[in-house]
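Take a look at the chain below.

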Amino acid sequence: MAAEEHWKVKKLIEAEAEIQQKWEAAKVFQQDFIPELKDVPHYTVTFPFPYMNGRLHLGHTFSLSKCEFAAGFQRLNGKRVLFPFAFHCTGMPIKACADKLSREIEEYGYPPQFPKTEEEESAVVEEKSLVDDITKDKSKGKKTKAVQKTGSAKYQWQIMQSLGLSDEEIKKFADPLYWLEYFPPRCMDDCKKMGLKVDWRRSFITTDINPYFDSFVRWQFRILKQCAYIDFGKRYTIYSPIDGQPCMDHDRASGEGVGPQEYTLVKLKALEPKPKIFDGIQKPIYFVAATLRPETMYGQTNCYLHPDISYSAFYIGADEAQIFVGTARSARNMAFQDMTKEFGKVNFVKGLESFKGSEILGAPLMAPLSSYERVFALPMLTIKDDKGTGVVTSVPSDSPDDLAALNDLKKKKPLREKYGITDDMVLPFEPIPIINIPDIGDLAAVHMVQLLKIESQNEKDKLEEAKSRVYLKGFYEGKMLVGKYKGMLTADAKKLIHADLVDSKEAMKYVEPEKKIISRSGDECVVALCDQWYLNYGDVEWKKAAHAALEKMETYMPDVRNNLSRTIDWLHEYACSRSYGLGSKVPWDEQYLIESLSDSTIYNAFYTVSHLLQGSRDGKKLGPLGIRPEQLNDHIWDYIFRQKLYDPIRMPLDERILKRIKNEFEYWYPVSMRSSGKDLLTNHLTYMIFNHVAIWKDQPDKWPQSFRANGHLLLNNEKMSKSTGNFMTLCEAIEKFSADGMRLTLADAGDGTEDANFSKASADANIKRLYTLVEWSTEMMTAIEKSELRDSSKPVFADEIFINQLHHLINLAKENYEKTMYHEAIINAFFEFTKARDFYREICGNDKMRSDSIKLYLEYQALILSPICPHIAEQVWSIIGKKTLIVNERWPACDLADPIIIDTAEFFKKTIHAFRLRLDELLNPKKKKVAPAVPTKATIIYSSKYPQWQQEILILLKKIYEENNGEFIDNKEITKMVMAIPLVKPKAKEAMPFVQFIKDKVGQRGIQALDLVFNIDQRKVFEEMIEYLKGALKIDDIIIESVEETADETLASKVVPGTPIVNFS
């Protein structure tokens, strides 16, 4: 940014600070229930409270800005707007970070002296398989955004240093409660500098540190338990072994949104002769393969191992009577699923803690359900050890990968010899028909490998394509050809065959994370089967109610609704408790804490009353009503929030006090709009729906009214990342671009759920635009005071065009503000508004601009820009002499724009542009033999109506257009119908080009383009603007002629209504 722009930013920030002081002094954003205003509509807008382990960044601010813009617009709309804001501290991240600091001080001293040589963690690149899109739940998978939040720092101390903290300050963060003291006030200060319209009296921090919020959350959970929505038992959940508890989304450094994936763990029993490394082992040994398709086990011909992957042999069962062979990673997962003698501990067979797959290749095995009595362990070079067990059971009839590897072994004797595989282990085994897939057949993999000409297991792309085709149809359309469930669809047989295999002890249920998950404590998570309190989101009736609530909601974009609906469908049991971290305790089982996505589902209701209960963010001070937290009980909360009758025995507070609190809730609830990043659609926002329909089962008027989701924010078209330096906090953005410069760029960044982009170049340009607006406003008001502009007694046609265009843009902006489409709104409310002003200034020419039109423009501009740029709007509002605060004003009352005048303005813009191009062609010919003479005269020829043959075509096209609901039929059909018109036949060569010309006009102007007579008085326009035209075209004389008046028949034949021609001479 140039020095000049820095100076402008400084001036803007100084003005913003002064304006914010005025707002604060006037308490303009503090809202209370007022009985006299009870019939004025409310608008409560909220944003998911940010987690207090750092400062807000530009990504937070992007989602936050949607709330802010909505609040500003709805205030203009005359609604009483409440925008509350709180600070989330629940969960394990703060506690984990504090504990890390304590460990680092203990291990490395104070200040810590870390090892100089640090091994950088290599980036893990996950390969995406097309098959994942078929076999996995699409609604659950999403990219993590947390993985890059800490940059390249390895130690927590270094992360804190990257925030600009001194060693002495960092030391205090070893106490988790210090985080709750440090970050919330700084977050609030940053938001105030942004100019948020927040009622900060209602702010609070979560966890049991705040006794008022703690009481509220406990009340909520007791209701959920009474409704039988909370239960206890062993459930599979993502689990952090280091933390010793479930690891939910907000507890993860990477892997947000990743859930458990269930497999059938097929046990292939090792037969004699066993590999030498198993000599002396008497207990049964099983090679265990994790499969997603148990229904295909009838087609097993072998199993695969990777020769170079490390495998382990470990004991299974409480009595350790069996030995499994798989990767150590899978053994670790199994240990947390009640498969080993001791929870979380793997007991390896001595000496077999780690060995290469090559040492057990050729092992004879018994494969459950296979028609082959004995199969063998063969090499496959594409197996990975980061998923499943490293043991792959082979079904070449339906798996292209398995078939390609088997074919390689059959065709390549040297390959068999390399790994000690004899011919009898491979050559006799052929694919077994087990499933019929329509249009593919009984041996789907064989068919697809032949079709795609796959010659090797190394043809990765071809194999991906083959798998996607086979698995898609096989999953949903295949029919079983063999076994107990012959004739049944594979989708139906799958679960039954899984159950049969488990019942017969030939398989077990095995679960692992869909993808790698790293907890904030730094360990790789597993799936554990552990006792926990869980919310039963799988309850059928609860789901129905959630769908009913969603049906009533506004989601602004269809993909948001679809995502929420899918999540309601697939969501089942969700662990809502943990034993480590910060939070409120489970009321009936205080050894557990309520996790962070479960105490944040109905807290928007607490906003409505928090300012009356507490006197500080942490609830340590009494609020204005003098209510102590211990006075609050479930009966009081029920009275406030759930329409229960007052009971003086059970409610130890005066009814008048409770009535005042209740009135706040009843007036400000429900939430009118909740804005969030799209990543919360599949968790927090869906949980919010479920919990609202549970707590307010019989009060649908208290259910959320709308959710507004946005995509992630890119910075200069790249992901924000501390590690690359492409990162910006809210505070930094304000310092660089001013609050309104940042806000304008955020509004312009994007509207939908696709990723938006914050461009620093755009932000710099926006600073200039905003500063220029303030300067120009001052200049214009000075000019008006000095009577340098035209007064209202001398109106010209340009004034009418200008005011009408402003009204048109104001109405368009209002539509887009209503839809929360702020990118579109700012185009109408600022960029196009500025263009309209510039066009007015241009076409006024020597007449000058009209003073009252310019003052009205500035008033309009300030008002409609104020939701996005309130500080600039306040400045302009003051410059034009207004004594009020613009944040208390109303949307401008203006007439509907006259469509004829809108068309006239567009007609004139396009016409003058075409005339300039014509003049440029004349003065700058392609073949410059002789310099052309500069013209001094122009003849404008226009037409008001089409010739008869064209009118006949227009009549036909209008009939076609209206009979086909605003669409045209195929051109071939139109050609036949046009050529059947007698008047058109002599004009056959010109007819279809004319048809295409009119169709294009319809696309631009709608059905008006089919009118027989042009709706604009072209002569009047040219006569009104003749002096401007002379100046714009730099000529002395203009003649205006209709086609009926002109003597130039050649030119006249080329003129159509709305497209005049100019002839220079």
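Two strands pair if DSSP finds at least two bridges between them. Helices (H or I, at least four residues) and strands (E, at least two) are DSSP runs, numbered from the N terminus. This is a predicted model: local features need pLDDT of at least 70, side-chain atom pairs count only at pLDDT 80 or more, and totals for chains, interfaces and linings use all residues. Residues are numbered from 1 along each chain as its sequence is written, and side-chain values use heavy atoms, with hydrogens and water left out.

Start with strand 1 (residues 42-46) and strand 23 (residues 673-677). They run parallel, and two bridges join them. Thr46 stands opposite Arg674 in strand 23.

Now widen the view. Four strands form an open sheet with parallel pairing, in the order 2-1-23-24. Strand 2 (80-82) and strand 24 (707-710) are the edges: each pairs on one side only. On average, neighbouring strands of this sheet are turned by 20° against each other, direction ignored. Axes here are lines fitted to C-alpha atoms, for helices over the stretch in contact, and angles run from 0 to 180 degrees between N-to-C directions.

A helix joins the picture. Helix 19 (residues 655-668) packs on the sheet and touches strand 1 and strand 2. Contact means heavy atoms within 4.5 Å. The direction of helix 19 makes about 105° with that of strand 2.

Finally, step back. The chain has 34 helices and 30 strands. Its C-alpha trace spans about 110 × 85 × 60 Å along its principal axes. Among contacts between residues at least 6 apart in sequence, 77% join residues at least 24 apart.
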